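Hi everyone, thanks for coming. Let me put the structure up, and then we'll walk through a few spots together.

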Amino acid sequence: MAYQHKLLLRQGDNDMACGHHCVLMALMLLGVISRDDLYEVELHERLLETCLRGQSRYFTGCSITHIKEQIAPFADQVQCRQLQRDVATRTVEALESDHVCLIRFSSDSYTHWVLAVGLMYADDKPHTLLVLDPLMEGIPLTPWNALLEYWGTKKLRNTNARWSEKATVEKVVRVGLRSRRGTAIQLP
């Protein structure tokens, strides 16, 4: 749930819209759009632009460039950056500082985007990323529906209610709200 609305968006079995769904979930989780906004008869201009850019890649999938293009209409509110060095450590830092991360991984059978929304620790070290996977159903009472286990090791596994499989991280995009420097905190 984000702002009293369901957050998880599901992709279909025959599309490659996982990246687009992750962009929309990230924008909802950051409070930039609401789920109700997605069902308006006339989408507001920036959301319409994001959806049109995402829909153009619906059956072909998204690259980093396409992810950034979809977030661009909200650039005044949201920052989007590909992590290129020390990806495992910087992903953990991003999640610990109220950012979310779109993660593209591959397995033996496909390439897929998920939205990392949290961390699980083992022995005081980050061990598992908690993710929203648009390919999987929601799990009642949890804010995630899949895991990327053994984060930061060569034993990475994508685990969900249906299966657990080896995975290889290909790309990570950190997404977060822009800081409002110089803006006074409003007191009640």
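Let's start with two helices: α1 and α3 are roughly antiparallel to each other, a label used for angles over 145 degrees. Their axes, α1 over residues 18–29 and α3 over residues 45–55, cross at roughly 160° and come within 9 Å. Here, axes are lines fitted to C-alpha atoms over the stretch in contact, with angles from 0 to 180 degrees between N-to-C directions. Helices are DSSP runs of H or I with at least four residues, strands are E runs of at least two, and both are numbered from the N terminus. On the α1 side, H20, V23, L24 and L27 make the contact, and on the α3 side L47, T50, C51 and G54 do, where contact means heavy atoms within 4.5 Å.

A word on the source: this is a predicted model, where local features need pLDDT of at least 70, side-chain atom pairs count only at pLDDT 80 or more, and totals for chains, interfaces and linings use all residues. Residues are numbered from 1 along each chain as its sequence is written, and side-chain values use heavy atoms, leaving out hydrogens and water.

Now the loops. Is D133 buried or exposed? D133 is buried, at 1% relative accessible area; buried means under 20%, exposed over 50%, and partly exposed in between, with a 1.4 Å probe and protein chains only. D133 sits in the loop between β4 (125–132) and β5 (146–149). That β4–β5 loop also holds L141, which counts as exposed at 91% relative accessibility. L141 has a positive phi of about 70° although it is not a glycine.

Conventions
Parallel < 35°, antiparallel > 145°, perpendicular 65-115°, else oblique.
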